[in-house]
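Here's a walk through one protein model, taken a topic at a time. Have the sequence and the 3D view open as you read.

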Amino acid sequence: NNLLRNNVFANTGGGYAIYVNTSGALSSSDFNNLYTTGSVLGYWNNGNASDFEAWKSQSGQDGNSLNLDPGFINEFSPVISQASLSTAGIALASVTTDIDGNPRSPVNPSMGAVEFLPLNQHDAAVAEFLAPQAPFAPGEQEVMVRIRNNGAQELTSLTFQWTVNGQPQAEFVWTGTLLTGQEENVVVGSFDFQEATRYRIFVQSVNPNGEPDEDASNNSVEVENVFPALAGSYTLGGTAADFSSLGLATDNLNFGGVLGDVDILVNAGTYNHQLHLKAYPGMSSDRRVTFRSADSDSTQVVMFYNASSNAENYTVFLDGASFVTFENLTLEARDNNRSIVVELANNARNNIFTGNIIKGVVSPNNSSGRVLVYAPSSSGNNLLLEGNHFLDGAMGVYLSGGNRTGIVVKNNVFTNQYGYGV
């Protein structure tokens with residue numbers, strides 16, 4: 001007989017919490033905690049179970065189980081902070097101690113590998129940062145967290161202290177009623193977020209029920225790289241520009257995302273920086289992001305990089321980023337051995353390169369490490385390359401592996417490639 005008892009199955013990577021291929025593989029499952037951050041909780045007998053109720057219905061198991069975030073104190077520890085699991089297990093005669101050798105409760109043991117210590121009387125946890133979440137508009141936005149009562153006493157009041165970029169904000173006192181293990185979303189205040197600006201938000205709770213918190217380790221949360229979403233036209237380069245650097249603009253896109261078309265006008269200059277753009281929040285076919293020369297002269301804006309390892313062999317990396325245009329720029333890779341200028345991967349699609357100089361190094365062989373535009377593993381669908389000058393490199397354009405659709409290469413000039421243009 002295969003039995004599951006008193007386990008915490010938590011998948012914070014978005015996959016299944018539990019997977020049972022055929023019903024005969026599991027005799028009984030109960031008094032467990034099943035949790036995932038993904039959209040499908042489990043798999044039972046050749047079918048997905050989307051949530052906890054579906055899992056119980058399809059499997060006929062886990063009637064006394066729970067579906068809660070266990071709140072592991074860190075990714076390497078089996079210690080959980082979810083107080084509701086502290087007495088939710090069932091006593092097993094064969095299991096009398098936990099993983100640390102501490103005695104299990106003979107009546108209602110904890111779920112998981114570690115037996116809960118006796119609950120503190122006053123212990124409030126800031127369990128999660130909830131808002132703002134990208135993409136959000138610039139301007140006044142609420143700051144919200146989720147709190148949990150980990151204490152034995154009913155929680156009726158809690159004070160919040162919070163900062164934005166190190167600047168203290170007005171304290172907020174929450175009042176309400178939370179029993180042990182219960183949670184609530186709390187707005188601690190609001191803040192006026194400005195465009196093209198990086199923020200760090202820190203929130204902590206103090207004095208549950210007016211008493212010192214007996215476990216300060218779970219009282220705070222901090223989020224970094226908080227940006228309002230972009231929409232409209234911006235300048236890049238120089239002290240008077242919206243973005244002082246290419247790195248700041250890229251971070252704003254990666255972390256803050258977009259709420260409309262974005263046009264980034266790059267002022268004349270030479271920019272020694274990699275542009276690594278991921279699948280940014282708000283990415284959509286009706287929200288195109290464009291990097292273009294402010295004066296429409298590709299020779300006046302040079303973005304280059306001199307890679308020192310194979311892992312960073314690119315100047316522009318569209319890493320799942322789609323609906324992006326590069327116009328009237330010089331994009332250049334300068335290392336003699338690692339000189340990929342543009343790489344498209346992880347289903348990057350619907351991207352446009354027009355009017356650019358895309359320059360590598362003079363190559364002594366046909367090395368794929370010296371390709372000007374490279375897209376492995378079927379990435380790069382609906383790619384438009386128009387009116388560019390591809391200069392040097394082992395190959396001009398190399399789309400390897402798999403079938404692609406919508407590739408358009410027209411009105412370009414290919415000069416001095418070792419192997420071939422396309």
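Is Asn382 buried, partly exposed or exposed? At 34% relative accessibility, Asn382 counts as partly exposed; buried means under 20% relative accessible area, exposed over 50%, and partly exposed in between, with a 1.4 Å probe and protein chains only.

## Ground rules

This is a predicted model, so local features need pLDDT of at least 70 and side-chain atom pairs count only at pLDDT 80 or more, while totals for chains, interfaces and linings use all residues. Residues are numbered from 1 along each chain as its sequence is written, and side-chain values use heavy atoms, with hydrogens and water left out.

Most residues other than glycine have a negative phi, and most peptide bonds are trans. Asn382 has a positive phi, near 55 degrees, and is found in the loop between strand 28 (371-375) and strand 29 (384-386). Helices (H or I, at least four residues) and strands (E, at least two) are DSSP runs, numbered from the N terminus. Asp62 also has a positive phi, near 65 degrees. You'll find Asp62 in the loop between helix 1 (52-59) and strand 8, buried at a relative accessible area of 1%.

Now look at the loop between strand 8 and strand 9, where Pro132 and Pro135 are both found. The peptide bond from Ala131 to Pro132 is cis, with omega near 5 degrees. Another cis bond joins Ala134 to Pro135, with omega about -5 degrees.

## The largest pocket

Rolling a probe the size of a water molecule over the atoms shows where empty space is left. Here a pocket is an open set of points on a 1 Å grid over the protein atoms alone, where a 1.4 Å probe fits and protein lies on both sides within 12 Å along at least five of seven lines; lining residues have an atom within 4 Å of a point. The largest pocket holds about 900 Å³ of space, a volume being the space filled by probe spheres set on the points, which are joined across faces, edges and corners.

Of its 38 lining residues, Gly71, Ile73, Val79, Ile80 and Ser81 are the closest to the centre. Strand 8 (124-131), strand 9 (139-149) and strand 15 (220-226) each give two or more residues to the lining, and strand 8 gives the most, with 4.

## Nonpolar cores

A nonpolar core is a set of buried Ala, Val, Leu, Ile, Met, Phe, Trp, Tyr and Cys residues joined through side-chain atoms within 4.5 Å. The largest one has 44 residues, and Phe291, Leu318 and Phe326 touch the most other members. A second, separate core of 24 residues includes Leu158, Trp162, Phe191 and Val203.

## Salt bridges

There are 14 salt bridges in the structure, each one a side-chain nitrogen of Lys or Arg within 4 Å of a carboxyl oxygen of Asp or Glu. Glu183 pairs with Arg148, with the closest N and O atoms 2.9 Å apart. That pair links distant parts of the chain, 35 residues apart: Glu183 is in strand 13 (residues 183-193) and Arg148 in strand 9. Glu183 is partly exposed at 33%, whereas Arg148 is buried at 3%.

Asp335 forms a salt bridge with Arg338, at 3.6 Å between the closest N and O atoms. Asp335 is buried at 14% relative accessibility, and Arg338 is partly exposed at 25%. Elsewhere, salt bridges that share partners join Asp69, Glu128, Arg146, Arg148 and Glu183 into one network.
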